[in-house]
Amino acid sequence: MISVIVAAHDLQGQLEVCLNSILNQSFRDVEVVAVLDQSAECPADLVDDYARRDGRISVVRLTGVVSIGRIRNAGAERAAGDYLLFLDSDHIIGGETLQAMGDQLQSADEPDVLLFGHTRLHRGRSWPGAAAGLLARQGREPFASIDQPELFGAPAYSWDRLIRRDLWIRQELAFPDGLHEEVTVVHRAMLAADRVAVLKWNCVQIRRRHTQHPAGSPDGTHFDVFGRYEESFDLLEERDALDVVAPFLFTRMIRHYLFLLNLEGCLSRSERPQFFERASEHYRNLST
């Protein structure tokens, strides 16, 4: 039922805990697609050992050091499950989460997207994800995303939702190279989904402060974020959803820009004025 695609960059030595959190659950209708490039941070021996011991794991090896987008795309191409879940080595899935996902997929008659909550472990404390309040207000019945446009005000993460694989293929979804690769892909999937359902569980915990995947992209910069939101607003026009969704997406965009400006070590001193000017330009252009 569920294919979990794991980008196996293990900078903090957390991959083993991640894999155990998936494989040790009672829910068995799951496969793990572990994707490694030739980065020094990819522990091929560890992944191969897991694959030998558990037939639910398959391994994809990529040539060279590539972007997190290409890593995830390669996993999606190998996946055989009905639904795709994209995780990183510093994510863990708690308790009976996979069973709850499976039960909700069946209860909601196999929606195109299943949204769920997450937490962030930082300085020894577990913090709720930014979408917690939005998800808490949703009912049990599936809905079209255009009918709940406030969801576009939540961060666009690929690891707090299941995406139906046939939607992924039909829409020719793929992560781009560069940073902030999730933004437009998530928005495209949400806009294409006829039926979205919600599981009111905090299913995934992320154990780093910054959401950007450690692998990043060899040629990516944080300035890539501007092109991502430009593409997302273009999507709204294509789907005739601009008037309804744009106010929520605009707020999310500005919050994202401010987060990057305020995140220590994200932008160099020389980059900050240019980034601020680009952000201000987007604010002026899209607020009119």
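Trainee: What is to be kept in mind about numbering, confidence and atoms?
Mentor: Residues are numbered from 1 along each chain as its sequence is written, and side-chain values use heavy atoms, with hydrogens and water left out. As the model is predicted, local features need pLDDT of at least 70 and side-chain atom pairs count only at pLDDT 80 or more, whereas totals for chains, interfaces and linings use all residues.

Trainee: How many cavities of 30 Å³ or more does the structure hold?
Mentor: On a 1 Å grid over the protein atoms alone, a cavity is a set of points where a 1.4 Å probe fits but cannot get out; a pocket is an open set with protein on both sides within 12 Å along at least five of seven lines, and lining residues have an atom within 4 Å of a point. Grid points are joined across faces, edges and corners, and a volume is the space filled by probe spheres set on the points. With a threshold of 30 Å³ or more, the number of cavities is two.

Trainee: Which element gives the largest share of the lining of the largest cavity?
Mentor: This cavity, of about 140 Å³, is lined by 14 residues, with Leu115, Leu151, Ala154, Pro155 and Arg161 nearest its centre. Helices (H or I, at least four residues) and strands (E, at least two) are DSSP runs, numbered from the N terminus. Strand S6 (113–122) and helix H7 (182–192) each supply at least two lining residues. The largest share, three residues, comes from H7.

Trainee: How many residues in the lining of the largest cavity are nonpolar?
Mentor: Ala, Val, Leu, Ile, Met, Phe, Trp, Tyr, Cys and Pro count as nonpolar, Asp, Glu, Lys and Arg as charged, and the others, Gly among them, as polar. Beside one polar and two charged residues, the nonpolar count is eleven.

Trainee: Which element supplies the largest share of the lining of the second largest cavity?
Mentor: The volume here is about 30 Å³, and the lining includes Phe116, His118, Leu135 and Asp160. Both S6 and helix H5 (132–136) supply at least two residues. The largest share, three residues, belongs to S6.

Trainee: Which helix gives the most to the lining of the second largest pocket?
Mentor: About 240 Å³ of space lies in this pocket, and among its 14 lining residues Phe233, Leu242, Phe250, Asn285 and Leu286 lie nearest the centre. Helices H8 (224–238), H9 (242–262) and H10 (272–286) each supply at least two residues. With five residues, the helix that gives the most is H8.
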